[in-house]
Amino acid sequence: MIPVLTRTDVEPLMDWLALADALAEGHRRPKAQIEDTLLARGDDKLLSRAAWIEGLGIGVKSVTIFPDNPAQGRPSIQGAMSVFSDESGEIEALIDNGLVTKWKTACDSLLGARMLARKDARRLLVVGAGIVAGSIIEAYSALIPDLEVTIWARRRDAAEALAAAYPGAQVADDLETAVSAAEIITCCTMAKSPVIKGAWLQPGQHLDLIGAYTPDMREADDEALRRARIFVDSRDTTLDHIGELKTPLAEGVITKGDIQGDFYDLVTGAVGRQSDSEITLFKNGGGAHLDLMTARFILGKWRAAQ
């Protein structure tokens, strides 16, 4: 019988730092083969992301996006991830999309910050107040026990509601002031145009960009890219696919040579932060290989608990 793993099954078993270790270890394996496909019927879409990593096997995450569903009382995004054996190709598990995506997304940024943020960084600014923002606070809190959290969102009531769920979190009214005061800035918005201005950035900061995931989305302006040393989770899934980098590359604001490296480079120590004064920028692009690494970790936790 193929196990079907849900948040109820696995979430109590999960560990942010252990997953970050697993993602780092996954990037020490042979480079993943990855492929995305997108089918559409008007506004309704089916996105499938596949990855094959030698030693970890095969993963396919398929997600439907039906924008009209909420009006009928149904989620707009639904899906699952299939995990297949590397040795035999047999299916090993089906895992809830929400579980994989939550832990993959936040831990992607967590691993980036663990490698690139200053070791003494304590002040985190979260820009955005959606579901990802809460996961980010939980992930960074695991890395930095005395973390100081400030939240800014376009709607103050949304920021206040998120802050209420995390005792000690503060709400900012002015984004420029909040950016200038932070040591780590993480953006998880649906912005189409930049919300972070490079002129606001201070020496030593780490800028973590999550939200932009399509060619027409951006969270940071050209000046931020010019001032920072730029890193990505994967060159293959960010440079030619996400507006955050695709647009400034096309316009000559930056070149591909300005991309210092991705996780495959970072885990070997080939690249990284060079001083406490430089600004680092990390683009979290996700990717099916990260979904597979996360799914393998989830499956391993579930099996150990049986």
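This is a predicted model: local features need pLDDT of at least 70, side-chain atom pairs count only at pLDDT 80 or more; totals for chains, interfaces and linings use all residues.

User: Is L292 buried or exposed, and in which helix is its place?

Analyst: A residue is called buried under 20% relative accessible area, exposed over 50% and partly exposed in between, using a 1.4 Å probe and protein chains only. L292 has a relative accessible area of 0%, so it is buried. Its place is in helix α11, residues 288-305, where helices are DSSP runs of H or I with at least four residues and strands are runs of E with at least two, numbered from the N terminus.

User: Which residues does L292 touch?

Analyst: Contact means heavy atoms within 4.5 Å. Leaving aside residues up to four places away in sequence, L292 touches A51, W52, I53, L56, G57, I58, G59 and M81. L292 and W52 are 240 residues apart in sequence, yet 8.0 Å apart in space, C-alpha to C-alpha.

User: How many aromatic pairs are there?

Analyst: A pair of aromatic rings is described by the distance of the centres and the angle of the planes. Rings of Phe, Tyr and Trp (its six-membered ring) pair if their centres lie within 6.5 Å, and planes under 30 degrees apart count as stacked, over 60 as edge-to-face and the rest as tilted. By this rule the count is 2. W16 and W103 are stacked, at 3.8 Å centre to centre with 25 degrees between the planes. Because W16 lies in helix α2 (residues 16-26) and W103 in helix α3 (residues 97-116), this pair ties together parts that are 87 residues apart in sequence. F263 and F282 form a tilted pair, at 5.4 Å centre to centre and 35 degrees between the planes.

User: Which residues have the most contacts inside the largest nonpolar core?

Analyst: A nonpolar core is a set of buried Ala, Val, Leu, Ile, Met, Phe, Trp, Tyr and Cys residues joined through side-chain atoms within 4.5 Å. The largest has 62 residues, and those with the most contacts inside it are I95, L124, V126, V149, I151 and I298. Another core, of 31 residues, lies apart from it and includes I185, C187, L249 and I254.

Terms used
Residues are numbered from 1 along each chain as its sequence is written. Side-chain values use heavy atoms; hydrogens and water are left out.
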